[in-house]
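Please keep the sequence and the structure at hand while reading.

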Amino acid sequence: MLRIAISACLFGERVRYNGGHRRDDALLDAWRGIVEWVPVCPEAECGMGTPREPVRLVRTGSRIRMLGVDSRNEVTQQMESFARGRIDALVEAGICAYVLKARSPSCGVGSTPLFDAEGNTERTGSGLFAAALVARLPDLPVAEEEGLADPHQREAFLERARAFERARTTTSPPSPPSR
Ligand code: SF4
């Protein structure tokens with residue numbers, strides 16, 4: 001089985017800011033018996049809790065900050081330091097790919113709205129957790145769930161995951177001999 005991380009809300013866990021989920025039945029059904037899922041919710045796991053105030057990404061100069069939509073409470077550091085440890089744990093767990101929730105300020109990969117200080121959408125970028133993931137593991141296959149709706153794209157992604165897994169297991173140091 002391929003061990004693939006997934007945004008926990010896509011796996012059906014009720015971890016969204018409003019206590020809901022966004023279970024992706026088509027994806028989970030398509031890869032049943034092929035994939036061992038590793039669900040991760042960066043916002044719930046970093047201590048923001050569920051339910052919670054929704055957050056957004058705001059650009060201040062060259063810095064991207066994660067702020068509460070109404071309170072503007074900042075959780076940038078909280079998320080960034082959580083991401084470092086959680087990504088290390090995922091490497092340790094041997095994931096070979098990651099499916100991420102589109103447009104999320106934590107999980108989106110290129111589709112997340114970035115706001116200016118006045119609250120206008122400037123452009124799109126990546127969520128803070130996803131950006132840290134891609135920076136740490138640039139070769140790891142990552143995709144948003146919306147990019148995997150098509151069966152051909154799903155199969156191509158799975159091939160990339162298999163290739164990553166082959167490379168990962170052939171370059172891992174051998175286990176010490178048992179005595
Ligand atoms: S998109 Fe990411 S941070 Fe948001 S609920 Fe889903 S797993 Fe959690």
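The model is predicted, and local features need pLDDT of at least 70, side-chain atom pairs count only at pLDDT 80 or more, and totals for chains, interfaces and linings use all residues. Residues are numbered from 1 along each chain as its sequence is written, and side-chain values use heavy atoms, with hydrogens and water left out.

**Largest pocket**

- The largest pocket holds about 480 Å³ of space; a volume is the space filled by probe spheres set on grid points, which are joined across faces, edges and corners.
- A pocket is an open set of points on a 1 Å grid over the protein atoms alone, where a 1.4 Å probe fits and protein lies on both sides within 12 Å along at least five of seven lines; lining residues have an atom within 4 Å of a point.
- The lining consists of 26 residues, and R16, Y17, E43, S104 and P105 lie nearest the centre of the pocket.
- Two or more lining residues come from each of α2 (42-48), β3 (55-60) and β6 (112-115); helices (H or I, at least four residues) and strands (E, at least two) are DSSP runs, numbered from the N terminus.
- By type, the lining has 15 nonpolar, 4 polar and 7 charged residues. Here Ala, Val, Leu, Ile, Met, Phe, Trp, Tyr, Cys and Pro count as nonpolar, Asp, Glu, Lys and Arg as charged, and the others, Gly among them, as polar.

**R16**

- R16 lies in the loop between β1 and α1 (25-30).
- R16 counts as partly exposed because its relative accessibility is 23%; buried means under 20% relative accessible area, exposed over 50%, and partly exposed in between (1.4 Å probe, protein chains only).
- Beyond its neighbours within four places in sequence, R16 contacts C9, H21, R22, T50 and R52, where contact means heavy atoms within 4.5 Å.
- R16 and R52 are separated by 36 residues in sequence and by 8.2 Å in space, C-alpha to C-alpha.

**Nonpolar core**

- The largest nonpolar core has 47 residues, and I4, W31, W37, Y98, V99 and F129 touch the most other members. Such a core is a set of buried Ala, Val, Leu, Ile, Met, Phe, Trp, Tyr and Cys residues joined through side-chain atoms within 4.5 Å.
- Helix α3 (residues 76-93) supplies the largest share of this core, 5 residues.
- Residues up to four places away in sequence aside, W31 touches I4, W37, V99, L148, R154, F157 and L158.

**Strands**

- Strand β1 (residues 2-7) pairs with β5 in the parallel sense over 3 bridges, and I4 stands opposite A97 in β5; two strands pair if DSSP finds at least two bridges between them.
- On its other listed pairing, β5 runs parallel to strand β8 (residues 142-144), joined by 3 bridges, with E144 in β8 as the bridge partner of L100.
- In strand β5 (residues 97-100), A97 and V99 point one way and Y98 and L100 the other, and all are buried.
- β3 and strand β4 (residues 63-68) run antiparallel and are joined by 6 bridges; V55 stands opposite G68 in β4.
- The hairpin of β3 and β4 has 2 residues between the strands, and G61 in the turn has a positive phi of about 60°.

- T50 and P51 are joined by a cis peptide bond with omega of about -5°, and P51 is in the loop between α2 and β3.
- R72, although not a glycine, has a positive phi of about 60° and is placed in the loop between β4 and α3.
- R103, also not a glycine, has a positive phi of about 70° and belongs to the loop between β5 and β6.
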